[in-house]
Each structure stands twice: as C-alpha cells, then as structure tokens.
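Try each task on your own before reading the solution.

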Amino acid sequence: MKIIQVGYGYWGESWMQFIADDPDTELAALVVRNGEKLRLAKEKWNLSDDQCFTDYDQALAVEADLVLIVLPHCEHIPFARRAVLAGKDVLIEKPLCDDFQEAKDFWRWMAGRKERVFVSQNYRYRQELWQMRRGFSGEELGALQFIQLTYRAGMTTDTREHEWNIQGWRGRQVNMLCYEVCIHHFDMLRFLVGADVRRVYCTGWTPAWGLTDGPESIFVNLEFENGVNAQIAAHGCSVGAPTGFFGNWQVQGAKGLLCWTAGEGLVLHPAADHPGTIPDAESCGLPGFDRAGVLRELHRAMAGESSTLPDLGDHLRSLAISEAVLRSTRERRVVGMAELLQD
C-alpha cells in the first residue's frame, strides 16, 4: 500500500516510523509546506527527491493508494476533499474536524463516491481494551453493566503549563478537551460497549486558572442503546495526579469489577459467588499497538475485509458525542443523539 503523507509536525514525524515499520506499507510521497522541515525529513528518512513535495497538488499526481492527513484539525476536510477528487482513498488523524456541522456536510458530500475515508482512532488499539472487549462478549467477564472513567491532565496552577492549550491553531479549536482529548474516550467506550450512545447529559466548567472559554472540566453521563451506562469525569487543566491520556477505568461486569490504570494493566476484582477471568492477551486478536494496529486494519479495509478501523460514518458517531457534550453543557439538558445525527 502506497501512502502520500501530508504533514510533518510532532505527530506526523512519529507516523513516519509506523509506516517504515509496516512491511506492507510504502511511503510514496511526503508533503511539507515548510522547505526546511522537508529537508530535515528527507535527510532523516533517506527520502529521494521524487518523494518530497511542498506542493500538495503535485504530490496528488504521484501513484498512490491513499492519502494520510496529519494536519491541524481545521485543515483535515479541505485536504481530504482534494484527495478524494484526485481519486485517492483517505486516512485522517482524529478528529475528522472540530466543527460538527462541517463533518456532517463532508459525510453527505462523500455519499455515493467510490473513494473511502477512514479516521485514525489510535487508542482503539490497546491490549487491555481488546481483552475487555473479548471478555464481555464471551463468558469470561459476564454481561457488561456500567463504566466509570476518569481523565486528569494533572499539571499545576501555573498558567504557563497550560499555554499549549491556546498556542497557534489549538487556540482556535471549538473545544480541545472534547474534540481532541475525550474523542479518544468516547470512541473507546463505543468500541468496548459495542453500541452507540442514545442520550448524553453533561455539566461543565473551567477552573479558576484555566485559559480558555471552556469547558475544561466535564462530568458526562452516557446512556447506550443496549442499556449500558457510562460516566466520565474529564479535566483538561486539573492540578496533580495525572492519569495518562486513556484515563483510569472501572468497568463493572456480572462477574466482577475490572480496573485499568496506566502502568498496572488490567486488575480484576472478581465476584465472590461466580468469579470471572481476564482473557489471555494472545486470544483477544489485537492487530497491533497504536498506529501499527491502525495500519493493519487499514490493509483489511482497503482489501474489502471486515475491519475495526473507523470509517467516516463510524467516526461521526463518536464525534457526535463531543458535540452533544458541549450542547448539553450550554443548554443544561439531556441531548438525544438522534437530533444531532439526523440528516
């Protein structure tokens, strides 16, 4: 699979290693608008002249199967449209964008086209998440009941530690906490529960030392269509006790409580009368860690096989939760997902 990568910031540079490590993937071209950054990338990755471009349209003329877009969120859809018009499939870094109406418009625009758009939700590809998913779909953990998830940035009240929230294009985001951070949690929850969200209720605020209009702290209640409930407490500028980006999880099943925290993996507190077990890691089918898993599932999707990689419609349902959280916070009411996803 030949890939044109667009963007070479911190995250774009890390993507290059995943592409290099995948035996079935080849970099066809790299597009970097900054000439000096492109020169450094060329040296680091030993690229040829015909792989390096500052002009996107020239790069789109290169023979390739897919365009990988690793740019600021506000540029994702404009660059994706141009790739689709050039006849290329597209993989976009999460989120698709941070404007839900723009996302819906793009989804409608894609209807009926042969080109496909996928979104890299790299946190789907964590060993523990796949073990839980396997256990709750089988007999090991019993029926899934409810989930509590906590995310804490855990910095200090010194505003200089929070300035990255407002630097450059990030300062123009609709809401960094919901669209850039918690989009991981919303997608992971949908993947684990195996159902979409029916209703959302949220309260939100910004701590005294916060630098954005917020909210930078949220308490979210999610009601899934299969009856599972989830509660999320997420704090983008909290002080002390950071959790790591995937958060701390407590997952209640009929056969015990599963706890998942950074550095400790999965810990099961079994039911006394009918204890569950955690499935073996080898049996859960994880295709690869992080973007290695994204690329393996991308190969499956490109071959027309069943894949866990979110396509445009799948991702839109995770993105809608971000929008519902903000709407619920502003309007102080329960938001039904149907009102956001209707045409």
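**Exercise 1. Find the residues through which α7 meets α9, then describe how the two helices pack.**

Solution. Keep in mind that this is a predicted model.

Step 1: Start on the α7 side, where the contact residues are Cys178, Tyr179, Ile183, Phe186, Asp187 and Arg190. They meet Asp314, His315, Arg317, Ser318, Leu319, Ile321, Ser322, Glu323, Val325 and Leu326 in α9.

Step 2: Sort these residues by class. The contact of α7 with α9 divides into eight nonpolar, three polar and five charged residues.

Step 3: Turn to the geometry. α7 and α9 (residues 312-331) pack at an angle of about 120°, and their axes are 9 Å apart. Angles of 65 to 115 degrees count as roughly perpendicular and those over 145 as roughly antiparallel, so α7 is oblique to α9.

**Exercise 2. Describe the packing of α1 and α8 in the same way.**

Solution. Step 1: The angle between α1 and α8 (residues 291-302) is about 60°, with the axes 10 Å apart. That angle makes α1 oblique to α8.

Step 1: Look at which residues touch. From α1 come Trp11, Ser14, Trp15, Phe18 and Ile19, while α8 supplies Arg291, Ala292, Val294 and Leu295.

Step 2: For handedness, α1 passes α8 in a right-handed crossing.

**Exercise 3. Locate the largest pocket and work out which elements line it.**

Solution. Step 1: The volume of the largest pocket is about 830 Å³. It has 30 lining residues, and Tyr10, Trp11, Trp169, Arg170 and Glu180 are the closest to its centre.

Step 1: Assign the lining to elements. Those that give two or more residues are α1 (10-21), α4 (76-85) and α7 (176-193). α7 gives the most, with four residues.

Step 2: By class, the lining of the largest pocket has 16 nonpolar, eight polar and six charged residues.

**Exercise 4. Now do the second largest pocket: which residues lie nearest its centre?**

Solution. Step 1: This pocket has a volume of about 380 Å³. Of the 26 residues that line the second largest pocket, Asn165, Met176, Leu177, Thr212 and Glu216 lie nearest its centre.

Step 1: β7 (144-152) and α7 are the elements that give two or more residues to the lining of the second largest pocket. The largest share, three residues, comes from α7.

Step 2: The classes here are 13 nonpolar, nine polar and four charged.

**Exercise 5. Inspect the backbone: which residues does a cis peptide bond join, and where does asparagine 46 lie?**

Solution. Step 1: A cis peptide bond joins lysine 94 and proline 95, with omega about -10°. Proline 95 is in the loop between β5 (89-93) and α5 (100-110).

Step 1: Glycine 214 and proline 215 are also joined by a cis peptide bond, with omega about 5°. Look for proline 215 in the loop between β8 (197-205) and β9 (217-224).

Step 2: Asparagine 46 has a positive phi of about 55°, although it is not a glycine. Its place is the loop between α2 (35-45) and β3 (52-53).

Methods:
Residues are numbered from 1 along each chain as its sequence is written. This is a predicted model: local features need pLDDT of at least 70, side-chain atom pairs count only at pLDDT 80 or more; totals for chains, interfaces and linings use all residues. Side-chain values use heavy atoms; hydrogens and water are left out. On a 1 Å grid over the protein atoms alone, a cavity is a set of points where a 1.4 Å probe fits but cannot get out, and a pocket is an open set with protein on both sides within 12 Å along at least five of seven lines; lining residues have an atom within 4 Å of a point. Grid points are joined across faces, edges and corners, and a volume is the space filled by probe spheres set on the points. Ala, Val, Leu, Ile, Met, Phe, Trp, Tyr, Cys and Pro count as nonpolar, Asp, Glu, Lys and Arg as charged, and the others, Gly among them, as polar. Axes are lines fitted to C-alpha atoms, for helices over the stretch in contact, and angles run from 0 to 180 degrees between N-to-C directions. Angles under 35 degrees count as roughly parallel, over 145 as roughly antiparallel, 65 to 115 as roughly perpendicular and the rest as oblique. A crossing is left-handed if the near helix is turned anticlockwise from the far one by less than a right angle, and right-handed if clockwise. Contact means heavy atoms within 4.5 Å.
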